[in-house]
Amino acid sequence: FYFYTLYRDKNYTINIVYKINNNKKFLTLRNKYLYFGYNGFSIQRTKTSLHAVFHFDLAGEYFFNPSVEIPERSFYDFDAVGDDAIENLAFQIGMVELISYWKAACPPKVIIKCGHLTEHQIKWWKKLYFNGLGEFFYLNGIETDEETFMEISSEGKSFSVSDLQLSPKKVLVPIGGGKDSVVSLEILKNSEFQVLPYIVNPREASVRTIQIAGFNEQNSIILNRTLDKELLKLNELGFLNGHTPFSALLAFTSSLAALAAGAKYIALSNENSANQSTVPDSKINHQYSKSLEFENDFSEYLRQYVHNGLEYFSFLRPLNELQIAALFSEFPQHFKSFRSCNVGSKADKWCGHCPKCLFTYIILSPFVEKDTLRDIFGKDLLEDNSLEHVFKELSGLEEVKPFECVGTPEEVNAALWKSSSKFEKKSALAEEFINIYNNLSETDFNQLLQNLSTEHNLPESFFKLLNTAFHDREV
């Protein structure tokens, strides 16, 4: 990638990423490293945790052993889940993990040595890999297609579908520390369901979220994921690098956790806006594994190959980002604690310079007072002229959106229109917005705010909860 450094301090550096032509490197690496092997996985159960390690190699030259660990909780029953089901899900988790290591050289062949895949499964995994790597291919200028980018072969045992009895009163809710999962957790905790928060690699914001909502780590599910440092060495050596579909890993790991806890439901917090492509007129979507298309595909995969009764859906799918912001504003106890900024996550800060920060500021601006926003983010982001390029990307003045989990230009512009009085003085951002403002009205804002999408997979009881919470909010 080529980077333009937008901001740098002792805690982090923010780069604008530009597309680069790495297609020649892609072809060279594929010719040198002809295969990628998924050689096996090992599972260890102790009194304190379940630990799984995955064994990969890049053409016999580089070896990777990433791992996941689920610390023990009093409400788990791994004995009831059974060794077959645990092995099955460990195998599937390894199938997701491998893509992070495969992408370093993109070998033409992937050899699965520790489990049998049907032709349908191979097609399913190729679709996930290809679309989940859409951003990676695009930013690296890689020219390939879904049919030829990878050939998958498999050998080994087939895995059986689990028939474990699951409780229809238990729901697992993934928590990332941002506003979306706050909304899901706060609505669901007061329902008839027993809520089990689920956190991958806990950070301060995600832990604060569950604590403020009345939970703690002992009545929540934790998964610790470890990347193999050998991959970081390859990045330093100039191998290929880029975005991978993390939410697909979340899907499979949460399925294992749900079985352990006997929970029938996994309720994500992905919004309707995640379905929009990042690059117009293409399927290139930074949020592909958060999209309804992936959700549908994964639900089918669960039924056929994991557990027929486990239900995976996004609780917030009927909502767009503007509607989620309206609901989030009902929970001021989380204002100081939530974090959606990836750049500042290690320092537990809003960096104040990235697309995620500016988007979150804008989308909350119609519902949260300006002084409170300034208190949350440390400054008035709409007066920061250094964010002009990011502002153009978010508002649709640039063709391509930021490669971040952000809403649509329509949602951004509606929020800006509603809160335009908060541009107190002329800034580069305000000047950019003038022409957009003249083409919007209260009707545009209200249409986005009032209408819930019918394209979702929520069971009826969950939709009733969301619908009631949305229409009972303070207006």
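Helices and strands here are DSSP runs, numbered from the N terminus. The model is predicted.

**Stop 1: colour by confidence**

Colour the chain by pLDDT, the predictor's confidence in each residue. The mean for the protein chain is 92, and 95% of its residues reach 70 or more. Now select residues 1–7. Their pLDDT is below 50, yet this stretch has 32 contacts in the model beyond near neighbours in sequence. Where pLDDT is low, predicted coordinates should not be read in detail.

**Stop 2: Arg225**

Select strand S11, residues 221–226; Arg225 sits in this strand. Next, show Pro66. Arg225 and Pro66 lie 159 residues apart in sequence, but their C-alpha atoms are 7.8 Å apart in space. Then display the contacts of Arg225, leaving aside neighbours within four places in sequence. They are Ser67, Val68, Glu97, Ser100, Val200, Asn201, Phe246 and Leu249.

**Stop 3: the cavity**

How many cavities of 30 Å³ or more does the structure hold? There is one. The largest cavity has a volume of about 50 Å³. Select its lining: Val96, Glu97, Ile99, Ser100, Arg225, Thr244, Pro245, Phe246 and Leu249. Arg225 from the previous stop is one of these residues. Two elements give two or more residues to this lining: helix H3 (83–102) and helix H9 (246–261). H3 gives the most, with four residues. By class, the lining has five nonpolar, two polar and two charged residues.

**Stop 4: H11 against H12**

Select helix H11 (residues 321–328) and helix H12 (residues 355–364). Their axes come within 9 Å and cross at roughly 70 degrees. The two helices are therefore roughly perpendicular to each other, as angles of 65 to 115 degrees count as such. Show side chains at the contact. H11 brings Glu321, Leu322, Ala325 and Phe328, while H12 brings Phe359, Ile363 and Leu364. Six of the residues in this contact are nonpolar, none is polar and one is charged.

**Stop 5: H15 against H16**

Move on to helix H15 (residues 409–418) and helix H16 (residues 428–437). How far apart are their axes, and at what angle do the helices pack? The axes are 11 Å apart, and the angle is about 100 degrees. That makes H15 roughly perpendicular to H16. Select Asn413, Leu416 and Trp417 in H15; they meet Phe433, Ile436 and Tyr437 in H16. This contact divides into five nonpolar residues, one polar and no charged.

Methods
Residues are numbered from 1 along each chain as its sequence is written. This is a predicted model: local features need pLDDT of at least 70, side-chain atom pairs count only at pLDDT 80 or more; totals for chains, interfaces and linings use all residues. Side-chain values use heavy atoms; hydrogens and water are left out. On a 1 Å grid over the protein atoms alone, a cavity is a set of points where a 1.4 Å probe fits but cannot get out, and a pocket is an open set with protein on both sides within 12 Å along at least five of seven lines; lining residues have an atom within 4 Å of a point. Grid points are joined across faces, edges and corners, and a volume is the space filled by probe spheres set on the points. Ala, Val, Leu, Ile, Met, Phe, Trp, Tyr, Cys and Pro count as nonpolar, Asp, Glu, Lys and Arg as charged, and the others, Gly among them, as polar. Axes are lines fitted to C-alpha atoms, for helices over the stretch in contact, and angles run from 0 to 180 degrees between N-to-C directions. Angles under 35 degrees count as roughly parallel, over 145 as roughly antiparallel, 65 to 115 as roughly perpendicular and the rest as oblique. Contact means heavy atoms within 4.5 Å. pLDDT is the predictor's confidence in each residue, from 0 to 100.
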